[in-house]
Amino acid sequence: MKRIYVNEEWCLGCHLCEYQCAFANSGINDMVKALKGKTIHPRIQVEGGNSISFAVNCRHCSDARCIKGCISGALSRDKDGVVVIDTEKCVGCFTCILSCPYGAIMPSSDHSVVQKCQLCMDNQMGEPACVKGCPNRAIVYEERI
Amino acid sequence: MNYDYLIIGNSTAAVGCIEGIRENDREGSICVVTDENYTVYGRPLISYLLWNKTTEKNMLNYRPSNFYKKNDVELILGVRAEKINPDKKTILLSDGQEIGYGKLLVATGSSPFVPPMKGLDTVEKKFSFMTLDDAKALAGAIDKDSRVLIVGAGLIGLKCAEGISDRVKSLTVVDLANRILPSILDEKGSGIVQKHIESHGVKFYLNDSVAEFKDGAATLSSGKKIEYDAVVIAVGVRANTSLVADAGGEVNRGIVTDLKCRTTLDDVYAAGDCAESLNSITGQKQVLALLPNAYMMGSAAGVNMSGGEKLYDDAIPMNSIGFWGLHVITAGDYEGEAYVKRDGSKYKKLVTSGGRLRGFILIGEIERAGIYTRLVREQTPLDEIDFEAIKERPQEMAFSRAVRKDDLGGAK
Amino acid sequence: MIRDYLYPEYEAVRNPDLCIGCRACERQCANLVHRFDSDLNKMVSDSTNCVDCQRCVCICPTHALKIVKSDHTFKANANWTGEVISDVIRQAGTGAVLLSAMGNPKEYPVYWDKILINASQVTNPSIDPLREPMETKTYLGKKTSEIRRDRNGNIIPETSPQLELETPIMFSAMSYGSISYNAHKSLATAAEELGILYNTGEGGLHEDFYQYGPNTIVQVASGRFGVHEDYLNAGAAIEIKMGQGAKPGIGGHLPGEKIVDDISKTRMIPEGTDAISPAPHHDIYSIEDLRQLVFSLKEASDYKKPVIVKIAAVHNVAAIASGIARSGADIIAIDGYRGGTGAAPKRIRDNVGIPIELALASVDQRLRDEGIRGAVSVVVGGSIRSSADIVKAIALGADAVYIATSALIAMGCHLCRSCQAGKCNWGIATQVPELVKRLNPADGKERLVNLVHAWTHEIKEMMGGMGINSIEALRGNRLMLRGIGLTEKELEILGIKHAGE
């Protein structure tokens, strides 16, 4: 399946992916309205500083521990292989946060449920906003074997 | 009737097993027998149900409604499996039916343990807290004026307390141990969580026990008297091993299994809370009664039952639980050298031994805990990572460039 | 010193209504113009060090930033302009030569913009390049002037070594050191995909790039950095750099702090030592000396590779070119005074040399007059800005063009002319690892390929319009050009008629 891959060789640590993510999932169609004066809670997180940096988000593992361990069945894989969260079902037990080996699932802004990258298939973007907004192709969306 | 695959029990391990089987075998017939009258649900959700964090509908949607149909599974509800006949490869059901199997999975789970307590039989409203029916019964028996006494300050008792906290007048928890959640927390951690729970109106009597229930009041060993309208007994659970034991299979605290989840009976497998598995950190066999583990073990069993090969050899104790917004994530055990950081109600303890992370406790600050879990599960040599950085916070950066490349750039 | 204070030339202006405080501008500015002020809880800018590279403008996700020319002014004076006054103040303060980069930015005439291209009407109908074949393939090298036959009367197909280009465009010399590894890689991979050549410049060839040899011109300059036998044989051609349009008559100086790791290894000089290219080649004081080097290089490369001699366009360029054509060189490259550089004394850049248009016209004419035009190919560079410039250059007599500034712009350069500072925010003219990685060669390559493809399309369109279907038929075809607003003398040198004639 097509996944987001991160190549730290090209990551500039600009954090724009985080902002693009927050915007894409804000439900607001204007970035300024969506983000101005707000603390963002992106589903992708940039690690590192000036010399080494990279973004981390859900790997959509084919053998996903988060799905297996989910106590409510809120995490599942959709027909395209995307690991998705049903926030209706999620009770915020955070077992997935315990399970994810990459630390790619995080509490939602109000900590009531979890949130994770769903490849922007759940918003208006249609393609991952972090990939589109990455100024140096450090984040790509492609098929890899 | 005869099925290629027969599963006793219809909880998480059973689902894991069905999905494991279907990875290999789309055709073989599968039958699930359960004494409950529900399709599968996550047992731990019952406290969230009472706390209105979920609904029964959502709960019973642990797998989509077409799950059994899609996987071509025959589901027999409300019937107990009474006996396994390993020679004939059949099981006997409580309705008299005898069903044959090619491979059998025992996923019978566990039952609440109710110790003998004086006067318990006089308590009119007494409950366990294990199943959806338990939760419904409890919910039906309490109201805004209820004073509820919970015996047991473990995971089940405390989640029950949280679940019903908005529905009742008062909550009192009694436990023989001198601290709460002793199975997953160290003393400091217990103290922090206890304080937090107390701030939500729960009263604890620790190092104490009920000497006698009488006339709507429990007299504790300490002499203290607590009036109640309902009692929840949550002192522990016992694995349901009797089916296998009676059939001549080996059982200890749980059903004995090998790494392929096979019991000592031919073609009989076991998974979930009824079974023992290998704790990969200690190398000991034990019952690791946790939902994620039940799934993994069931899934491994399913793969092995259907001709695949999957060793269930990376199980570790682990827990994620929250009480009134304070989240606790733990894994492994705490035998070793400890690094401790405390900041108010935030608490972190990392325990190392032999150059490996052996266990951890996170309270309050649980972000990215899974990276710690991974270190425990994989027993990563700490000299291969930047342990100082990872002590500070869980991060990919602590791994080598090669590992990061594989993590973030490799197909998963 | 209070007297040295100069108000910033450019100002970063933020629209506070649009700024979301993401701090991308702060993280991306190597000149530390932007920062988040936690007391004010907003982004602030100090434009003192702004070079107007536009990095922040481009990176800002809400387009909240722009750079404006400061309206601060000295008292208006057509002679003592603000720039002149500022330069005097700077030099009074430092006692130093003023350094700058990229090409001559002064308001001298741009002859390309005073030349118009012809198109067919009615007779000699125009050609639609989308429907009919249009040849841009170009061969560079000595052309045989006579046909030789063997004893049986068969033609001997022996020619001097030729460079084959899919389109008459090459990336001109930019050394590894003056530009980054990633910029070099972008150029090399783009040249490979385009079927053209790029040029190592004088910094040697990084071992990683030997694989692009068939698309590489290796340069030998006065410093002889990184020159060894494998190097000379690594590329498709060898270029002797005698001069450079941006700084004719002077050498080069790559400061020691840029001679790090691979650059030191590639240049074959110790880390941290200044790489000084002398003004002249110390073994070349005549055309005869040049001929010796040309043949030394041919000898070293088994006569399999054409040798290019590159010179800056200077006053007597035609005579010099004539000498070079007779030195045994296969190709003459001429670099006009608008040509770029990673660093040059500002006065040299802005005052030395001549326009490439005039140099090209006079060289082509001189070689024709002397009957030796076929002895060499002529490649021109020094501010080729568009496909129209290329069509005009070829019609004036060039065989192909060298582009560098436009290639840099394709890779992200915004012509801030601050390469000499080594803090290129676009990852091109820098060796700082955190900056170098800002140019992803996959992206750089794609943009270079796009640019050359687009230009080639346009060249074909213009050729088709003239009723010409082969670049060969355009070469030296000055009848296709007319001047506009030019003096008789200029028209005479360019060898073209005025518009309307």
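## Nonpolar core

A nonpolar core is a set of buried Ala, Val, Leu, Ile, Met, Phe, Trp, Tyr and Cys residues joined through C-beta atoms within 7 Å. A residue counts as buried if 20 or more other C-beta atoms lie within 10 Å of its own, as exposed if 12 or fewer do, and as partly exposed in between, with C-beta atoms placed from the backbone. This is a predicted model, in which local features need pLDDT of at least 70 and side-chain atom pairs count only at pLDDT 80 or more, while totals for chains, interfaces and linings use all residues. Residues are numbered from 1 along each chain as its sequence is written, and chains are lettered from A and ligands numbered from 1 in the order in which they are written.

The largest nonpolar core comprises 325 residues, and those with the most contacts inside it are L105(B), V106(B), V232(B), A271(B) and I334(C). The element that gives the most to this core is α9(B), with nine residues; helices (H or I, at least four residues) and strands (E, at least two) are DSSP runs, numbered from the N terminus. Leaving aside residues up to four places away in sequence, L105(B) touches I7(B), I8(B), C17(B), Y269(B), A270(B), A271(B), A301(B) and M305(B). Here two residues are in contact if their C-beta atoms, placed from the backbone, lie within 7 Å.

## Overall form of chain B

Chain B contains twelve helices and 24 strands. Its radius of gyration is 22 Å, close to the 22 Å that the globule rule gives for 412 residues, so chain B is as compact as a globular protein of that length; the radius is taken over C-alpha atoms, and the rule is 2.2 Å times the number of residues to the power 0.38. The C-alpha atoms of chain B fill a box of roughly 60 × 60 × 35 Å along the principal axes.

Of the 412 residues in chain B, 47% are buried. Among contacts in chain B with a separation of 6 or more, 63% are between residues 24 or more positions apart.

## Domains and a hairpin

An automatic or database domain assignment supplies the domain bounds. Chain B is divided into domain 1 (2-111 + 237-305), domain 2 (114-233) and domain 3 (325-409). The C-alpha centres of domain 2 and domain 3 of chain B lie 33 Å apart, and eight residues of domain 2 are in contact with nine residues of domain 3.

In chain B, strands β22 (residues 337-343) and β23 (residues 346-353) run antiparallel and are joined by seven bridges; two strands pair if DSSP finds at least two bridges between them. V340(B) stands opposite K349(B) in β23(B). The hairpin of β22(B) and β23(B) has two residues between the strands, and G344(B) takes a positive phi near 65°.

## Interfaces of chain A

Contact between chains A and B involves 41 residues of chain B and 35 residues of chain A. On the chain B side, the elements giving two or more residues are α2 (45-50), α9 (291-305), β20 (318-323), β21 (326-332), α10 (369-378) and α12 (401-409).

The contact between chains A and C takes 19 residues from chain A and 17 residues from chain C. On the chain A side, α1 (16-24) and α2 (31-35) each supply at least two residues.

## Helix α1 of chain A

Nine of the nine residues of α1(A) are buried, so this helix is largely enclosed by the rest of the structure. Its cover includes α2, β2 (45-48), β3 (53-56), α5 (129-133) and β8 (139-143) of chain A, together with α1 (24-28) of chain C.
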